[in-house]
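Have your viewer ready and follow along.

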Amino acid sequence: MRLHTTTWGSGDRTALLVHGIMADHRTWRRVGPALAERGYLVVAVDLRGHGASGRGAGPEEYRPEDYADDLLETVPDGLDLAVGHSLGALVLSRAVERLKPARAVYSDPAWQLRSGPAGYRAELFVRAKELNREMVRGLNPSWSEEDVEDEMAAVRVWDERTAYGLTPLAGTDLWPVRPVVPSLVTLADPSLLVPPASARMLAERGFEVRTVAGTGHTVHRDDFDGFMSALGGWI
């Protein structure tokens with residue numbers, strides 16, 4: 001599937017931005033222009049089932065491999081930088097060997113979906129369709145009004161079947177064995193997806209790991225300046 005894209009800048013370096021579940025390119029509204037100012041042509045995709053991109057026929061067409069194939073169909077060769085958040089980080093890790101960006105950044109990656117009663121439940125994501133502005137604001141007190149509006153707009157057009165497509169992955173080992181290219185992992189504080197023991201494991205496997213203090217899962221929205229500072233030396 002060829003994905004809908006949004007671009008910023010016209011630099012001679014190319015950066016790819018891949019959003020998380022329920023979001024779309026709008027989540028990068030500050031990151032995209034900031035990278036453009038640093039000399040990048042920035043390409044932000046809407047994953048299948050999100051934003052203005054096409055939809056799969058059912059949950060069975062919302063696997064990480066499907067998303068990864070879509071990136072290869074859509075993104076130009078010769079990437080200098082690729083950034084993925086949450087589901088986008090999982091997808092990027094499945095595509096990185098073929099995309100071969102010069103550098104990769106995985107932001108609070110969804111490399112662990114726990115199983116069991118307290119584990120991953122698609123229904124909890126589907127309930128986001130019912131959230132109003134006050135609820136979104138309460139869950140994300142540091143967000144601007146524009147971030148809140150963008151989140152609500154993205155969720156309205158999101159295909160909730162994508163959440164069910166991840167259910168078979170709960171309890172499986174999604175951790176990358178090694179960084180295919182020089183790779184940075186930026187983490188929330190604390191990260192519910194990458195606990196301290198897992199962060200140490202990633203460091204032992206060759207990933208650079210940095211935590212952005214005081215942030216929740218959507219690090220780049222919770223503290224834009226802190227997120228950009230964490231990319232120091234990588235962009």
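How many cavities of 30 Å³ or more does the structure hold? The structure holds one. A cavity here is a set of points, on a 1 Å grid over the protein atoms alone, where a 1.4 Å probe fits but cannot get out.

Before going further, please note that this is a predicted model, in which local features need pLDDT of at least 70 and side-chain atom pairs count only at pLDDT 80 or more, while totals for chains, interfaces and linings use all residues. Residues are numbered from 1 along each chain as its sequence is written, and side-chain values use heavy atoms, with hydrogens and water left out.

**The cavity and Asp-147**

The largest cavity has a volume of about 50 Å³, where a volume is the space filled by probe spheres set on grid points that are joined across faces, edges and corners. Its lining consists of Thr-27, Arg-29, Arg-30, Val-31, Asp-147, His-220, Arg-221 and Phe-224; lining residues have an atom within 4 Å of a point. By class, this lining divides into two nonpolar, two polar and four charged residues. In this scheme Ala, Val, Leu, Ile, Met, Phe, Trp, Tyr, Cys and Pro count as nonpolar, Asp, Glu, Lys and Arg as charged, and the others, Gly among them, as polar.

One of the lining residues, Asp-147, belongs to helix H6 (residues 145-157). Helices (H or I, at least four residues) and strands (E, at least two) are DSSP runs, numbered from the N terminus. Asp-147 counts as buried because its relative accessibility is 5%; buried means under 20% relative accessible area, exposed over 50%, and partly exposed in between, with a 1.4 Å probe and protein chains only. Leaving aside neighbours within four places in sequence, Asp-147 is in contact with Arg-29 and Arg-221, contact being heavy atoms within 4.5 Å.

**The pockets**

A pocket, unlike a cavity, is an open set of points with protein on both sides within 12 Å along at least five of seven lines.

| Pocket | Volume | Lining by class |
|---|---|---|
| Largest | about 1,400 Å³ | 24 nonpolar, 14 polar, 10 charged residues |

The largest pocket, with a volume of about 1,400 Å³, is lined by 48 residues, and the closest to its centre are Ile-21, Met-22, Phe-125, His-217 and Thr-218. Elements giving two or more residues to this lining are H3, helix H4 (122-126), helix H5 (133-139), H6 and helix H9 (219-222). The largest share, four residues, comes from H6.

In helix H2 (residues 64-74), the buried residues are Pro-64, Asp-66, Tyr-67, Ala-68, Asp-70, Leu-71 and Thr-74. Their cover includes strand E1 (5-8), strand E2 (13-18), strand E3 (40-45), helix H3 (87-99) and helix H7 (161-165).

Arg-94 is found in H3. With a relative accessible area of 29%, Arg-94 is partly exposed. Not counting residues up to four places away in sequence, Arg-94 touches Pro-64, Glu-65, Ala-68 and Leu-174.

**Rings and charges**

The structure holds six aromatic pairs. Rings of Phe, Tyr and Trp (its six-membered ring) pair if their centres lie within 6.5 Å; planes under 30 degrees apart count as stacked, over 60 as edge-to-face and the rest as tilted. Tyr-106 and Phe-207 make an edge-to-face pair, 6.3 Å centre to centre with 70° between the planes. This pair links distant parts of the chain, 101 residues apart: Tyr-106 is in strand E5 (residues 103-107), and Phe-207 is in the loop between helix H8 (196-204) and strand E7 (208-211). Tyr-106 counts as buried at 3% relative accessibility, and Phe-207 counts as buried at 5%. Together with Trp-111 and Trp-175, these two residues form one aromatic cluster.

Two arginines sit over rings, which requires CZ of Arg (or NZ of Lys) within 6 Å of the ring centre and within 35 degrees of the ring normal. The charged end of Arg-13 is 4.0 Å from the ring centre of Tyr-40, and Arg-103 lies over the face of Trp-234, at 4.6 Å from the ring centre.
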